[in-house]
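Trainee: I keep meeting labels and want to know what stands behind each one. Can we go through some of them together?
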Amino acid sequence: MSEKKIITVFGATGAQGGGLVHAILNDKNSEFVVRAVTRNANSEKAKKLLDLGADVVEADLNDIESVREAMRGAYAAYCVTFFWEHMSPEKEDSQVKNLAEAARAEKLQHVIWSTLEDTRLKIPLEDDRMPTLGGKYKVPHLDAKGAADRYFRDAGVPTTFLLTSFYWENLIYFGMGPKQGEDGKYAINFPMGDKKLGGIAAEDIGKCAYGIFKEGLSLVGKTIGIVGEALPLKEMAEILSKHLDKEISYNAVPFDVYRGLGFPGADDLGNMFQYYAEFEDDFLGSRDRAYAKKLNPELQNFNDWVTNNVNRIPIE
């Protein structure tokens with residue numbers, strides 16, 4: 001029997017990487033084995049991956065030598081960064097450069113880079129429809145990823161660029177779930193007007209990535225956008241109401257009000273939602289649910305996701 005190919009998965013204990021790790025480990029006939037990368041191999045999540053059969057290694061995206069070591073001897077890698085840990089576009093840029101340079105140096109045959117749009121290509125800095133942040137960005141956590149695509153291209157790394165979507169898990173972990181107003185009524189609060197929000201279950205991103213790796217090198221050089229479903233927020237509120245057994249409405253907050261809410265990253269997220277709304281056709285047109293379903297036959301729609309996570313969604 002031929003030796004299985006190693007896929008190095010960065011962010012293995014996180015949402016996207018964890019989805020990919022589990023997808024590979026759950027496929028007993030897989031042609032791949034997992035090298036799960038984490039900053040702390042002694043964490044509970046890392047230990048669980050080890051117990052499931054992953055090779056768990058430590059690396060720091062700020063240290064290119066540790067990144068190279070994590071990729072050494074691998075066939076492929078899944079590359080993802082976590083902006084919200086440090087909220088620095090400059091740090092993210094440096095981390096992506098390290099990933100690309102390490103992949104080039106270790107001669108990987110296939111890399112998936114989890115990326116997003118550089119919104120400045122649609123709404124330049126001088127456009128005052130939304131504020132410019134940090135002097136250089138419109139939506140820092142999107143722009144930094146999109147701009148960093150060039151590192152993989154410039155390094156000649158055989159890369160598939162994976163455009164992801166809004167995580168429905170933000171309703172659980174990011175404080176975007178239903179909240180009770182002063183009138184005692186519950187609502188989800190988003191600055192999206194009547195536009196559709198394209199979202200996906202985080203684990204499905206990893207499963208789609210596994211589909212890409214299985215599809216192989218024919219997808220090198222291509223940009224693939226995935227989405228679980230695109231729904232108006234009013235419909236999302238109706239689905240939440242049904243499953244949470246509580247009347248939940250949708251409160252369409254103005255962009256400026258959302259930007260001014262004061263929590264860390266509120267201005268960045270306010271601009272993101274404005275981009276989603278004002279460039280709805282571009283954003284959703286770049287994401288193909290049917291192809292995502294082909295890559296991942298278990299792809300969930302929003303109703304599926306709420307059904308599977310109803311007990312995890314906080315109501316504040």
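Mentor: Start with a cut-off: buried means under 20% relative accessible area, exposed means over 50%, and partly exposed lies in between. Keep in mind that this is a predicted model.

Trainee: Why is Cys79 called buried?

Mentor: Its relative accessible area is 0%. The cut-off for buried is under 20%. So Cys79 is buried.

Trainee: What makes Cys208 buried?

Mentor: The value for Cys208 is also a relative accessible area of 0%.

Trainee: What makes the phi of Met87 worth a remark?

Mentor: Most residues other than glycine have a negative phi. Met87 is not a glycine, yet its phi is positive, about 55 degrees. Met87 sits in the loop between β4 (76-79) and α4 (89-105).

Trainee: Why is Met87 called partly exposed?

Mentor: Its relative accessible area is 34%. That falls between the cut-offs of 20% and 50%, so Met87 is partly exposed.

Trainee: Where is Asp245, and what is its phi?

Mentor: Asp245 lies in the loop between α8 (233-244) and β13 (248-252). Its phi is near 55 degrees, a positive value in a residue other than glycine.

Trainee: Is Asp245 buried or exposed, and how do you know?

Mentor: Its relative accessible area is 72%. Exposed means over 50%, so Asp245 is exposed.

Trainee: Now the strands. What makes β5 mostly covered?

Mentor: Count the buried residues of β5 (residues 110-115): six of its six. Both faces are covered. His110, Ile112 and Ser114 are buried on one side, and Val111, Trp113 and Thr115 are buried on the other.

Trainee: How do you know that β4 and β5 pair?

Mentor: Pairing needs at least two bridges. Four bridges join β4 to β5, so they pair, and they run parallel. In one of these bridges, Ala76 has His110 of β5 as its partner.

Trainee: How many bridges join β5 and β6?

Mentor: β5 and β6 (residues 159-163) pair in the parallel sense over five bridges. Ser114 has Leu162 of β6 as its bridge partner. From β5 the chain passes through helix α5 (residues 140-154) to β6, in a right-handed β-α-β crossover.

Trainee: Why is β2 called largely enclosed?

Mentor: Strand β2 (residues 32-38) has six of its seven residues buried, so the rest of the structure largely encloses it.

Trainee: What pairs with β2?

Mentor: Strand β1 (residues 5-9) is joined to β2 by five bridges, running parallel. Strand β3 (residues 55-58) pairs with β2 over four bridges, in the parallel sense. In β3, Val56 is the bridge partner of Ala36.

Note on methods: Residues numbered from 1 in each chain as written. Predicted model: local features only at pLDDT ≥ 70, side-chain atom pairs only at ≥ 80, totals over all residues. Heavy atoms only, no water. Helix = DSSP H or I, 4+ residues; strand = E, 2+ residues; numbered from the N terminus. Buried < 20%, exposed > 50% of the residue type's maximum accessible area, 1.4 Å probe, protein only. Right-handed = clockwise from strand over helix to strand, strands pointing away.
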